[in-house]
Amino acid sequence: MSFVYEKLMGGKQGMVGLIILSALILVVFPMFLDSFRLNLLGKYLTYAFAAVSLVLIWGYGGTLSLGQGIFFGLGGYAMAMFLKLEASSPENTAIQSTPGIPDFMDWNQITALPWFWEPFSSFSFTIIAILVVPTFFAFLIGSAMFKRRVGGVYFAIITQVISVILTVLIVGQQGFTGGINGITDLRTLNGWDITSDSAKNIFYYVNCVLLIGVIVLSRWVLTSKFGRLLLAIRDKEDRVRFSGYDVANFKIFIFCLAAMISAIGGAMFTLQVGFMSPSFVGIVPSIEMVIFAAVGGRMSLIGAVYGCLLINFGKTVFSESFPELWLFLMGGLFIAVVMFFPNGLAGLWQDYGHYVTDRFTAIKNKILNKSTPSNDSAKKTLPETELS
Amino acid sequence: MSDLESNRSLDQTATNTGNRHLIKRRSLLKTLCALPAGILLATHMSFAVADVNTTGLAVTDKDVTVGILHSLTGTMAISETGAQEAEKLAIKQINEMGGILGRQIKIIQEDGASDWPTFAEKSKKLLVQDKVAAVFGAWTSASRKAVLPVFEKENGLLYYPTFYEGLEQSKNVIYTGQEATQQILDGLNWVAKEKKAKTFYLIGSDYIWPRTSMKIARKHIENVLGGKVVGEEYKPLGNTQFGSVINKIRLKKPDVIYAAVVGGSNVAWFKQLKAAGINSKKQTLLTISVTEDEVLGIGGENLEGFYSIMKYFQSQDNPNNIAFVKAFKEMWGDDSVIGDVTQAAYLGPWLWKAAVEKAGSFDVDKVVAASEEGDIELTTAPEGYVKLHPNHHLWSKARVGKWNKDGQATVVYTSDLLEPDPFPAGYQ
């Protein structure tokens with residue numbers, strides 16, 4: 001019990017945070033939002049996977065990755081390939097010169113399904129590919145970089161370049177990838193209509209549960225010995241190395257984990273939005289993901305989710321109300337967050353969250369009718385290790 | 001035509017005559033017979049909300065809401081601005097002459113932000129939350145592909161203004177631009193005849209529209225004109241290095257360069273051609289991707305003497321167009337230019353008005369059914385005359401314009417009215 005409480009939930013303050021988040025996304029939002037807004041929220045929550053992954057690699061790993069879009073995109077494309085193949089049955093594509101292949105291949109004069117598309121007709125293969133391909137790709141990048149002790153700003157630039165390369169590749173090889181249009185017109189998953197409202201609602205809950213699962217998993221990783229080492233590496237890499245640890249392996253691991261988490265977000269994105277395009281792979285989305293994490297607080301797994309929601313909510317509301325001015329308002333929002341909450345939204349929680357946890361304890365005590373004052377534990381924890 | 005319908009057409013006649021936007025009907029006699037009823041209808045008393053709107057669209061006794069969905073920010077904003085301005089102008093003019101079925105048109109504008117998923121999100125918002133009766137919008141093929149499933153799922157109605165690659169015909173979309181064959185075939189015939197062209201060099205940006213267009217062009221050149229394609233090249237979107245292509249063109253000496261380079265690349269392409277000494281005195285160049293909007297960026301002097309195939313040029317000299325250009329400049333400023341897509345976007349609200357009035361309803365299914373009868377026509381279109389084909393595309397004419405230094409084109413050739421054929425047999 002105490003293992004679950006301390007390691008997975010992150011102590012009292014962490015657990016209260018997790019409960020509030022779960023209640024919000026699983027109960028409050030579905031209660032008050034209509035199906036369209038809920039679906040929109042579901043889309044934002046897929047970005048939250050990438051933001052959470054950045055907390056791991058950037059906040060704790062100390063290595064800024066400007067390429068989380070790569071993995072988000074790979075996960076999304078893997079899912080899109082499966083759905084596209086299902087949508088391209090010979091009956092649906094009868095008007096093409098070569099029926100049975102995706103429409104964009106047909107207009108690119110490709111007459112047979114490329115070999116790397118073949119396995120994506122299997123759903124189980126696709127699920128495995130969503131998890132394994134981005135992780136393996138991250139392993140390659142990570143090994144190449146970290147083993148050579150490339151880090152810091154160089155790593156950021158290189159990941160950014162890789163995301164550009166991937167975008168160019170996707171846009172350029174349009175016969176195989178759908179090019180700039182992306183992979184569109186995805187309608188069914190194993191015969192189940194994914195465009196219906198009920199399907200979207202189900203995806204929303206699946207998405208929420210996966211997200212909470214990912215947060216709990218990440219927390220477990222961060223509170224383990226590995227997490228401590230990660231912080232140590234971030235703060236004094238050489239000392240850890242001199243103590244006999246292979247620093248590179250730890251960094252590679254956390255980078256791979258972050259990649260896998262982003263990829264899950266990408267796959268969920270494709271399912272909920274119904275298409276995938278190269279605009280999620282490039283520099284802009286990758287940097288946006290960093291902004292989500294920064295606004296939420298880069299040391300906070302839950303904060304990243306709120307950061308993501310706040311930014312995207314702002315984007316939607318501002319652009320709906322002021323279609324010609326909204327970019328300026330977004331800029332104002334970023335400036336305000338940086339000026340007033342330098343630690344992001346999570347900073348607020350760290351400073352004032354204990355009021356909420358105190359209330360929680362008070363209520364709990366009232367219910368259990370006992371009086372153990374335990375509001376000091378939250379204050380005692382160092383901000384470094386606090387996992388709010 | 002039923003009596004009711006003829007009444008309605010008279011009703012239109014009554015409201016429209018003053019503004020020249022008259023929808024022609026075949027049975028004038030019948031209409032005249034129904035004159036008293038028509039006058040009654042002209043007061044719009046009989047168009048109760050419950051009758052004209054059975055599917056819960058945003059229609060009240062006084063107004064009807066439509067959406068405009070173009071990019072106001074991002075890389076596409078510069079191209080899409082003209083389209084949304086034209087749509088607003090058309091809506092303003094329709095409102096001034098009494099609206100549609102007695103209702104003023106209200107606009108909800110959304111920003112697609114040059115981002116395809118945003119287009120999908122906003123189109124869903126317009127349809128699901130705002131319940132708009134029609135949407136005028138999208139520009140690139142990618143944005144249309146992104147919103148298409150949304151319109152089909154929510155049974156919305158989209159008026160899409162851009163000339164595009166064809167190979168599509170959705171129940172929920174009316175395409176007011178040319179599909180590929182309308183733009184390409186006649187232009188090629190013209191250049192083959194006029195310039196005795198036998199050899200062609202094809203160059204385009206690398207995405208669906210240029211590729212499909214070139215596929216059609218190649219088949220037409222080889223199979224119909226008996227000419228030869230001596231080179232075919234695609235450059236990535238945004239590419240600014242055309243040196244190697246220009247060298248190849250020099251080597252091959254084609255009779256015609258046939259170009260579909262888009263966006264910012266256009267500027268580099270034409271400037272580098274000029275720098276390499278390839279100008280209209282020595283070389284015929286025919287492009288399908290340059291309108292007045294692009295010329296603003298490229299500069300008329302870099303383009304002088306080259307040809308564009310479009311269906312509309314701002315310089316067209318007919319009363320419709322003169323009035324349109326004047327109204328456009330009054331609303332959006334004297335320095336505005338009007339390209340092909342801008343004009344096509346202007347047609348959207350008018351075609352919708354005609355279809356709604358013909359159907360006597362804002363219901364999407366009824367408006368689409370009315371549109372599919374193939375007799376909706378605009379005699380007041382700035383490009384001259386257009387008619388809606390049952391396949392959701394427009395009958396329109398292709399025009400070849402020769403560019404002048406001042407950024408305007410002189411129309412040197414006008415085709416017959418061309419039938420739209422989004423799935424051209426023999427060209428796929």
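Let me start at A51(A). Leaving aside residues up to four places away in sequence, A51(A) touches M289(A), F292(A), A293(A), G296(A), A304(A), V305(A), G307(A) and C308(A). Bear in mind that this is a predicted model.

A51(A) also belongs to the largest nonpolar core, which has 171 residues. Among those with the most contacts inside this core are A51(A) itself, its neighbours A304(A) and V305(A), and, from the other chain, L351(B). As background, nonpolar side chains in soluble globular proteins tend to be buried together.

Next, the contact between the chains. Chain B puts in 32 residues and chain A puts in 28. On the chain B side, the elements giving two or more residues are β2 (104-111), α6 (116-129), α7 (141-154) and α9 (208-224). Of these, α6(B) supplies the largest share, eight residues. By type, the chain B side splits into 16 nonpolar, 10 charged and six polar residues.

Finally, confidence. For the complex, the predictor gives an ipTM of 0.81 and a pTM of 0.84. Chain B has an average pLDDT of 87, and 89% of its residues score at least 70. Over residues 1-45 of chain B, though, pLDDT stays under 50, and the model has 51 contacts beyond four places in sequence for that stretch. Where pLDDT is low, the predicted coordinates should not be read in detail.

Conventions:
Residues are numbered from 1 along each chain as its sequence is written. Chains are lettered from A and ligands numbered from 1 in the order in which they are written. This is a predicted model: local features need pLDDT of at least 70, side-chain atom pairs count only at pLDDT 80 or more; totals for chains, interfaces and linings use all residues. Two residues are in contact if their C-beta atoms, placed from the backbone, lie within 7 Å. Helices (H or I, at least four residues) and strands (E, at least two) are DSSP runs, numbered from the N terminus. Ala, Val, Leu, Ile, Met, Phe, Trp, Tyr, Cys and Pro count as nonpolar, Asp, Glu, Lys and Arg as charged, and the others, Gly among them, as polar. pLDDT is the predictor's confidence in each residue, from 0 to 100. A nonpolar core is a set of buried Ala, Val, Leu, Ile, Met, Phe, Trp, Tyr and Cys residues joined through C-beta atoms within 7 Å. A residue is buried if 20 or more other C-beta atoms lie within 10 Å of its own, exposed if 12 or fewer, and partly exposed in between; C-beta atoms are placed from the backbone.
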